[in-house]
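Dear colleague,

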Amino acid sequence: MTEFVYQGDDFEDKVRKQVEFYFSDSNLQQDKFLWKIYEANDGWVELKTILTFGRMKQYRPEEKVIEALKSSEKLELSANNDMIKRKDPLKDFNEIKNTKKRNTVHIEGFPHDLTQEQVEAWFEEKIAPNLPKEKAVNSVRRIKSKLKKEFFGVVDVELTNEQDAQYLVKDVEISYDQGILSKEAAQEADKKNLLKKMSLLTFQEMRESGKRFGQNEVTKRRNSFNENNKGKKQKGGKGKKFDRKKGDDSEKEPIPESAVEDEKSSEGDEVKESRESKSEDSSVTKDTTANEAPEASKDE
């Protein structure tokens, strides 16, 4: 089967944007595969390696990719065009990590059948043009359920600055149909279309303190199952046997499974080794399973 080759008029723009993301502060240090190569070669990475990444396979021929990258203000090609690296020195990892958290907004309520491309296009059309400071989005990450690895309407969007992030969280409401709404307009909007939102930092604090921003489908089904079982036990007159060693814990509520698990020790854990870096997930916006930290790298 012949691989799809992108033929759009914006070919060069898309190539530059994609490769610049790979070497960006937002992605480089958390991409284990790319980071190992970067460190081992003083920042240089073979262009052939970049072309094996999932999103880059559609950009051919190689000569056309090289021409697109020559005009990048953020990247530098070697003399014979077979290696590439970023021009600016990399920022401190902890500084990058903290900045990403401050600039990221956690949003729930998207339709579950949206693809990564559709979510990305929605932010480009409905959100980015209406931001007060910079009309751009750094990255978009769909969060997937832990068990079924399915998107369940939760997105973490990283903006380019904290001012725009705070604007989305505090100053406006967001409707899936209309995008950004003023507080007044939101009063008249269909409440079913309003998306729940908060800063990623707030979401993580709530998660760590045991609070829930919203129930996912797994938790709803589990709670329903437990309620049904409790009723059956009461009717049948048989409950859980008392264990002298453990004590009677029959009345304890089961701990619901969180939609997104605790943040990992470092953002480097979010991106798998070379197998994932060379897959379609190594790109400008990225899907994430619920057992990964919800701090975004870009694209699917």
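Predicted model: local features only at pLDDT ≥ 70, side-chain atom pairs only at ≥ 80, totals over all residues.

I begin with the helix pair. Helix H1, which covers residues 11-22, packs with helix H4, residues 62-70, at an angle of about 75°, and their axes are 9 Å apart. Because angles from 65 to 115 degrees count as roughly perpendicular, H1 is described as roughly perpendicular to H4. On the H1 side the contact is made by Phe 11, Glu 12, Val 15, Arg 16 and Val 19, while H4 contributes Lys 64, Val 65, Ala 68 and Leu 69. Sorted by class, this contact of H1 with H4 has six nonpolar and three charged residues, and no polar ones.

Next comes the sheet. Three strands form an open sheet in the order E1-E3-E2, and the pairing is antiparallel. Strand E1 (45-46) and strand E2 (75-77) are found at the edges, and each has a single partner strand, so one side of each is left without a neighbour in the sheet. As background, strands of a sheet pair through backbone hydrogen bonds, and they may do so in parallel or antiparallel fashion. Between E2 and strand E3, residues 83-86, there are three bridges, and these two strands run antiparallel.

The peptide bond that joins Arg 60 and Pro 61 is cis, with omega about 0°, and Pro 61 lies in the loop between helix H3 (47-50) and H4.

Asp 42 is not a glycine, and yet its phi is positive, at about 55°. Asp 42 sits in the loop between helix H2 (32-40) and E1, and it counts as exposed because its relative accessibility is 63%, where the cut-off for exposed is over 50%.

Lys 149, although not a glycine, likewise has a positive phi of about 55°, and its place is the loop between strand E5 (137-144) and strand E6 (151-159). With a relative accessible area of 43%, Lys 149 is partly exposed.

Key. Residues numbered from 1 in each chain as written. Heavy atoms only, no water. Axes fitted to C-alpha atoms, helices over the stretch in contact; angles between N-to-C directions. Helix = DSSP H or I, 4+ residues; strand = E, 2+ residues; numbered from the N terminus. Parallel < 35°, antiparallel > 145°, perpendicular 65-115°, else oblique. Contact = heavy atoms within 4.5 Å. Nonpolar A, V, L, I, M, F, W, Y, C, P; charged D, E, K, R; others polar. Pairing = 2+ DSSP bridges. Buried < 20%, exposed > 50% of the residue type's maximum accessible area, 1.4 Å probe, protein only.
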